[in-house]
Amino acid sequence: MPEPAKPAAKKKDPKAAKKEEKKEEKKEEPKAEAPTPAEPAPAETQGEPSSQSDGLFIKKPEHALVESGKDVSITFQVDGTQLPGKPTVKWFKGKWLELGIKSGQRFQFKESFDKEKNVYSYELKIGKVVIGDRGDYRCEVKAKDKFDSCPFNIDVEAPRTEGDNVLQAFKRTGEGGKDEVAGELDFSGLLKKREGQEEEKKKKKDDDDDMGIPPEIWEMLKGVTKKSEYERIAFQYGITDLRGMLKRLKKAKVEIKKSAAFMTKLDPAYQVDKGQKIRMWVELSDPDLAIKWMKNGQVIKPSGKYIFENVGKKRIMTITKATLADDAAYECVAGEERSFTEVFVREPPVTINVGLDDQQVYVGDKVEMEAEVSEEGAQVIWKKNGVELTREDAFKYRFKKDGKKHILLINEATKEDAGRYQILTNGGSSEAELAVEDKPLEVLQGIADLTVKAAEQAVFKCEVSDEKVTGKWYKNGVEVRPSKRITISHKGRFHKLVIDDVRPEDEGDYTFIPDGYAISLSAKLNFLEIKIEYVPKQEPPKIHLDCSGKTHENTIVVVAGNKVRLDVPITGEPAPVATWMKGDVVFTDTEGRVRIEERKELSSFVIESAERTDEGSYTIKVTNPVGEDTATLNIKVVDVPDPPEAAHITSVGEDWAILVWEPPKYDGGMPVTGYLMERKKKGSMRWMKLNFEVFTETTYESTKMIEGVLYEMRVFAVNAIGISQPSLNTKPFMPIAPTSEPLHLTLEDVTDTTATLKWRAPDRIGAGGIDGYLIEYCKEGTDEWIAANTELVERCGFTAKGLPTGEKLLFRVVAVNIAGKSLPATFGQPVTIREIVQQPKIRLPRHLRQTYIRRVGEQVNLVIPFQGKPRPKVTWTKDGQPLDPKEVAVRTSEVDTILFIRSAARHNSGHYELSVQIENMEDKAVIKIRVVEKPGPAHNVMVKEVWGFNALVEWEPPKDDGNSEITGYSIQKADKKTMEWFTVYEHNRLTRCTVSDLIMGNEYYFRVFSENICGLSETPGVSKNTAFIQKTGIVCKQTDYKEHDFRMAPIFLTPLVDRTVVAGYTTALNCAVRGHPKPKVIWMKNKMDLSGDSKFLQKNSQGVLTLNIRKPSPFDSATYSCKAINELGEALVECKLEVKAPQ
């Protein structure tokens, strides 16, 4: 039964623990005696930095033992009092592997700050621990010149199973006895447990032999061929015991299988920074073997992102500008073999360029905390007093990004917002203190002492700077409560205490005290008691004005729109009755725009917003039983004048206009002192003032306008009262002016009745443009100008006709536009109207002074200028015969003649004669035209002689040379068996040739093409007989001459030249080399071989060497050299290339 078994189990636990302790001691003793020459250094010293420790740890990280598959957490604390600022913490595994690059699902890093204790806490959490996580670790803390580090160890053991305690096997077989000796011991179970323990020990020993390295890494290590790869893989995967790893590999004795397709495979892994390029390559055993590059199982196609290169047996793939998307598994497939690798893209840490600033604000102010980071779009974390601000706090805090700037916004700060704010990136942090204080209360208006009479109202009023501040009123130190007579109000910044129907007991000291502020406002209320004694008496009414008694009148001047109030003091006993009149109209209204207000001993006549119709004489009459009195008051209403009238533009110029207007009909009762003018562009709403001082005239010249722009203007009248409304806008007008005079007036030609004039357009045309030109002339000695054209001439040339022969005339030209005529352009001397005779002369172009050659079917278009006056007669002939108009077209003008043949034929060749004749004067020119085509085939091709391996072939020139000299022949041979033709000679000048290197036993045909300037003949001339090379009777004759040795060491014919280029534009370096045998060329940059670099393209064309540099940058500035090498020697040339950044 379970209940009796419980105490027995409790008693067995301490005994079992003692037995286990004894076993542990026995196990540890031989370990201490065993030699440890191959053991690594202790964990405390492995991976420690060389710098001296500053003792910053309050709590150091502890060693951990964890089961495989479970989570482990390592924590430590740092004393913030010893640090100048927030420290930088790094976690390492082994000596080199930084765990920060593995941040993700398994490795998580946390940090916090206790502001009260000034302690920084850090935590490393590893999820689902594997055997490979076992090893030595280290944490480093650094803050400016402070540094400290602490090592720790994580040991991983296999998962535990139930019943691990061997002593549990010593259980009794009895079921219910309380006595310890009840039942028998189960020795068979104990033996089974010992067998299981032996298996566990053996398994654990195998795990220890693996050194905690995952199997896939062992497989990778087995395939390594170079020794340097072991160190790189150990560094990458955090393996600290390199010597033990090599011993384990040597013990395994794995036979490395050589790849049939790959001589060199891809590295197991590559690491690259974001934005940088990475090159990976394999070396194939067969250069003709086709390969494919794949990424995550997908085939990669060449593009600007992925560049493929073939250099010998190497196959290179370059990834340009690596991004996080390039972090993937890659493979190179060659046939059925594959080479795998993995690329890790490391994102550079985001640093803070401009940190946060401490701020001090008042409650209710807007707060902006701004920091600038090193990269746009970076993710940041905002913290307040060590607590992260999340999106859930958006109602209070707003996060804003502006490029590299990150801003934390608090719309209305409260005292709860005060604290330590922090912005964090993956590469740094910045802190600032925010202090929030209450706004000081300001008294904008204090309360004043009051003296009031009985039954009157007393009002105490004050104004403070904060609308939300409340307060209390006190009288003689006692709080005042609202009642029927006492009203307390608070509107905005104003606080009022109103006491109606003041009584003597209300007298005292009144104080206002704002809630929450140590200030008070005080004033005193004084009660004034008046005693009135009534003595009845009677006296006639009297108006107390200077104009009383109808002897004088008062005139009151008021500006229209203002309020008029006529207060007339009156006396009389009993109180008189006042009556106000304007002519026969009596005013009785006590409300409205015109009203009467009656008070004791005062009668008031009020006019609200006086108008022009209110102007006139007003009479007040007061009466009582004793008598009456009257007075007259004159009211004159003055106003701004009416707008000026009839504003219009009378004339305009290039940048000016004359504005004229009439004075206003009504001057407002005051004389007009002047006018103000404004103008604007048509369609615009912005008026510009033209004068700031009043202008007294009614004509104004406006200047500084833009020609060709439509304007409008208006005028204001000004008197002593003010400025009138604007006048009506003028009609839109455009400042415009005539052009300047035409330029360079010249006489082009003159006859008995005509004169041809030419000129150039004016320098200044303006917005009005040019409508045309007017040409006028007059006889010398007179002023009567006669128009030579009835309509304006648009072009800059004109021929005046119908002129009197023999007269001396003066000419002038005027440009006309919308603004009128310009100044005239005139001749300085008169022109005599008389024909000028000029001898005919042909101006034959230079290329026509030699034979003009065209091919059959091409056009012939000859333009030949000539001169002569009067117009000469032009005649064309060919070989003394007139031209056929069906084949040859001729067009003749006053200055040239054109000969045109649409499709030239051979019969169009010949001597063409041009004749230009004026009466008995004549000039001639001869043009030789030759129309050519391809020649005919060579004639009568024969094999004249055959000897050895040679044959002599002769032929005759073609019967048709194509109307051109034969420049050479092209000879071909063909074996009779195959009849495939091969060229033997080209451009052969003679009509014979010797064909050598014929094959013994073959029979050959020969054919010959003729060649002239048009090319080879369409058909060849074929030999009528053949050349047969005999097989027997061959006798070798030794040559009695020594062959020339053409070998020579390389020599540069053209050296490299120093150059300066602009970055971004492809450039080339050129030189020329000679050498035999053909030398090997090597291009170098700063003595480093450029072979295999895709940026540099090398070319060799017949010894001309070119190095093309694609889009050079300033980093490509260097000394470039070219070396040529063959078996006889080598040669070297150098140059300097400077790459400048574009300005």
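**View 1. Three strands make an open sheet in the order 70-71-74, with antiparallel pairing.** Before going on, note that this is a predicted model, where local features need pLDDT of at least 70 and side-chain atom pairs count only at pLDDT 80 or more, while totals for chains, interfaces and linings use all residues. Residues are numbered from 1 along each chain as its sequence is written, and side-chain values use heavy atoms, leaving out hydrogens and water. At the edges stand strand 70 (939-947) and strand 74 (992-995), each with a single partner strand, so one side of each has no neighbour in the sheet. Neighbouring strands here are turned by 20 degrees against each other on average, direction ignored. (Strands are DSSP runs of E, at least two residues, numbered from the N terminus; two of them pair if DSSP finds at least two bridges between them; axes are lines fitted to C-alpha atoms, with angles from 0 to 180 degrees between N-to-C directions.)

**View 2. Here's a look at where strand 71 meets strand 74.** Strand 71 (residues 950-956) pairs with strand 74 in the antiparallel sense over four bridges. Valine 953 sits opposite cysteine 993 in strand 74. Cysteine 993 counts as buried, at 7% relative accessibility (buried means under 20% relative accessible area, exposed over 50%, partly exposed in between, with a 1.4 Å probe and protein chains only). Elsewhere, cysteine 462 is buried too, with a relative accessible area of 0%. As for disulfides (pairs of cysteine sulfur atoms within 2.5 Å), the structure holds zero.

**View 3. Another open sheet of three strands runs in the order 52-53-56, again with antiparallel pairing.** Strand 52 (743-750) and strand 56 (797-800) take the edges, and each has a single partner strand, so one side of each is left without a neighbour in the sheet. From one strand to the next, the twist averages 20 degrees. Strand 53 (residues 755-760) and strand 56 pair over four bridges in the antiparallel sense, and lysine 758 is found opposite glycine 797 in strand 56.

**View 4. Step inside the largest nonpolar core, which has 25 residues.** (A nonpolar core is a set of buried Ala, Val, Leu, Ile, Met, Phe, Trp, Tyr and Cys residues joined through side-chain atoms within 4.5 Å.) Ile74, Phe76, Val78, Trp91, Ile126 and Ile154 touch the most other members. At least two core residues come from each of strand 2 (64-67), strand 3 (72-79), strand 7 (119-126), strand 8 (135-143) and strand 9 (146-157). Beyond its neighbours within four places in sequence, valine 78 is in contact (heavy atoms within 4.5 Å) with several residues, including Leu56, Leu83, Tyr120 and Val141. There's also a second, separate core of 22 residues, with Leu1056 and Cys1135 among them.

**View 5. Arginine 1047 and glutamate 1127 join side chains in a salt bridge (3.7 Å, N to O).** Arginine 1047 lies in the loop between strand 78 (1027-1028) and strand 79 (1048-1054), and glutamate 1127 in the loop between strand 86 (1118-1126) and strand 87 (1129-1140), so the pair ties together parts that are 80 residues apart in sequence. Arginine 1047 is partly exposed at 47% relative accessible area, whereas glutamate 1127 is exposed at 61%. (A salt bridge puts a side-chain nitrogen of Lys or Arg within 4 Å of a carboxyl oxygen of Asp or Glu.) By this rule the count is 44.
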